[in-house]
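Dear colleague,

Please find below the structure that I am handing over to you. My notes on what was found in it follow directly after.

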Amino acid sequence: MNRYDIIIIGGGQSALACAYFLQRRGLDYLILDDQNEAGRAWLHTWDSLTLFSPSEYSSLPGRMMPKSERKFPSKDEVIAYLNEYEKHYKVKVQRSVSVNEVIKTENGFQLETNQDSYECKVLISATGTWKKPFIPFVPGSDLFDGQQIHSANYKNPNNFKAKKVLVVGNGNSGAQILAEVSKVATATWAVQSEPEYLPDEVDGRVLFDVASAKYHAMQAGKEFDASQYSLGKIVMVPPVVEARERGALQFKQTFKALTKTGVLWPEGIGEQFYTIIWCTGFRSATDHLNSLNIVDEDSRIKTIETKSTVVPGLYLVGYGNWTGFASATLIGVGRSAKQTIELVATYLNILISK
C-alpha cells in the first residue's frame, strides 16, 4: 500500500497550484493524474483555443507565464507553461493513474486505481470538468443519423469543409467554434437566448478584476453591480471579432427536436445537417467519489468553499465558483489553493494532536 498524508487526484492547473503551497509548507503529498503529461484539460481542447487574458494575468502562484507574442497565449503555450511549472517545482506526480474508487476509512481514504491501491489522511479532488461533457436531452436525439460531437471532442474544422454544420450553444465555445467552422462550411448557430457580447476591449483580466470586486463586496455584505461585465457574456477574442466583421455571428432560436437528417425548428420547418457540434458546457468530473454517496445529480458535492461539509478530510479545488471564487481559472485558482492548503494543514495538526 502506498501511504501519504495528502493525495491530489488530477494533475491540471488546480493540482499544480495546490502542490506549490503544499511544498512551501513541507507537507507530504502525491498527485495522481490519468494523463501522460502536464496540461490535463488543455491537452484535449480544440487546436485554436487561446486564453482570454494576456500571459501576465494568467499565471499560477510563484511563477509567471512567459510573455506571448500574441495578445492571448495559445493552447500550446499554456501546455508548455504547465509542463515547465511542474518540472521547476519538482512536483510529485504519478502519471497514467486513473482513480476508479475512493473508500472512506478510519484513518482517511483508500484509493483504488488502474495501477495500485493508495492510502491518505487528506484527499484533494482537482479533476475539473473536461471529462464530463454535457449534452441536454432533446426529443429525437436517437434518430439523427449524422455526426454529433461535443466541443470537448472538437479539434478543428478540417473535416467540415463544404458541409452543413449546426453549432449549438450561445457561450464562448459556441461563438469561437462557429467563427472558425463558418470559414469552411455552411454553419448555423442555434441558441436558447440571444448571445450577449462584452466590449471589444474587455478581456479576462478585466473580468477577473470586476469579479474580484464583486466577490469582496459580497464578503462585506455590500451590493455590487457587475452585470456589464458578466462572465456569461462572450469575450471578443480576435477570431470572434473577425467573424463579426464578415457577418458570421448570425443565430437562430434553438430547435425543438432532432430528426433523422437534421433538426425541426420552432416554426415546424425541418433542416438537414451533416454534423451537430454541441457547445453546451460540462459537469464536474466527480465520478471517482460516487462510492462516498455525496455526489448530487449535477455532479456537485456540498462544500464550504473547498471543504466537504460531510466527509472530513475531503477538499475539492478548481471546479468553478461553487468551490471557490474564480477557481476554474489560472489566475483565480491560486487563492483557492492557498486557502485549501491552510485548511489542510490545520486539519492534519488536529489529527496529530489527538
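Between domain 1 and domain 2 the count of salt bridges is 0. Polar contacts are found there, however: 5 residue pairs make one across this interface. On the side of domain 1 that touches domain 2, the residues divide into 6 nonpolar, 3 polar and 1 charged. Please bear in mind that this is a predicted model.

The two domains are each built from two stretches of the chain. Domain 1 takes in 2-131 and 283-353, while domain 2 takes in 147-197 and 234-278, according to the domain assignment. Their centres, taken over C-alpha atoms, are 32 Å apart. In the interface, 10 residues of domain 1 are in contact with 13 residues of domain 2. The area buried between the domains is about 920 Å², and carbon and sulfur atoms give 58% of it. Trp 46, Asp 47 and Phe 52 together supply 61% of the area that domain 1 buries against domain 2, more than any other three residues.

Salt bridges do occur elsewhere, and a search of the whole structure finds 16.

- Asp 34 and Arg 40 meet through their side chains in a salt bridge of 2.8 Å, N to O. Arg 40 has a relative accessible area of 5%, under the 20% limit, and is therefore buried.
- Arg 95 pairs with Glu 86 in a salt bridge whose closest N and O atoms are 2.4 Å apart. Both Arg 95 and Glu 86 are buried.
- Asp 287 and Lys 132 form a salt bridge of 2.7 Å, N to O. This pair links distant parts of the chain, with Asp 287 in the loop between β14 and β15 (303-304) and Lys 132 in the loop between β6 and β7, 155 residues apart. Asp 287 is partly exposed at 42% relative accessible area, and Lys 132 is partly exposed at 22%.

Shared partners also join Asp 33, Asp 34, Arg 40, Glu 86, Arg 95 and Lys 131 into one network of salt bridges.

Asp 34 sits in the loop between β2 (29-32) and α2 (75-88). Leaving out residues up to four places away in sequence, Asp 34 touches Arg 40, Ser 96, Val 97, Ser 98 and Lys 131. With Lys 131, the side chain of Asp 34 makes a polar contact of 2.8 Å. Asp 200 is 166 residues from Asp 34 along the chain, and their C-alpha atoms are separated by 38 Å.

Which helix is largely enclosed by the rest of the structure? Helix α3 (residues 172-181) is, because 10 of its 10 residues are buried. Among the elements that cover these residues are β8 (164-168), β9 (186-191), α5 (238-245) and β14 (275-278).

Two further residues may be of interest. Ser 14 belongs to helix α1 (residues 13-24) and counts as buried at 7% relative accessibility. Beyond residues up to four places away in sequence, Ser 14 touches Ala 126, Val 317, Gly 318, Ser 327 and Val 333. Gly 128 lies in the loop between β6 (117-125) and β7 (147-150) and is likewise buried, at 15% relative accessibility.

With kind regards

Key: Residues numbered from 1 in each chain as written. Predicted model: local features only at pLDDT ≥ 70, side-chain atom pairs only at ≥ 80, totals over all residues. Heavy atoms only, no water. Domains from an automatic or database assignment. Contact = heavy atoms within 4.5 Å. Buried area = accessible area lost by both parts, 1.4 Å probe. Salt bridge = Lys/Arg side-chain N within 4 Å of Asp/Glu carboxyl O. Polar contact = N/O pair within 3.5 Å; in protein donor to acceptor, adjacent residues only side chain to side chain. Nonpolar A, V, L, I, M, F, W, Y, C, P; charged D, E, K, R; others polar. Buried < 20%, exposed > 50% of the residue type's maximum accessible area, 1.4 Å probe, protein only. Helix = DSSP H or I, 4+ residues; strand = E, 2+ residues; numbered from the N terminus.
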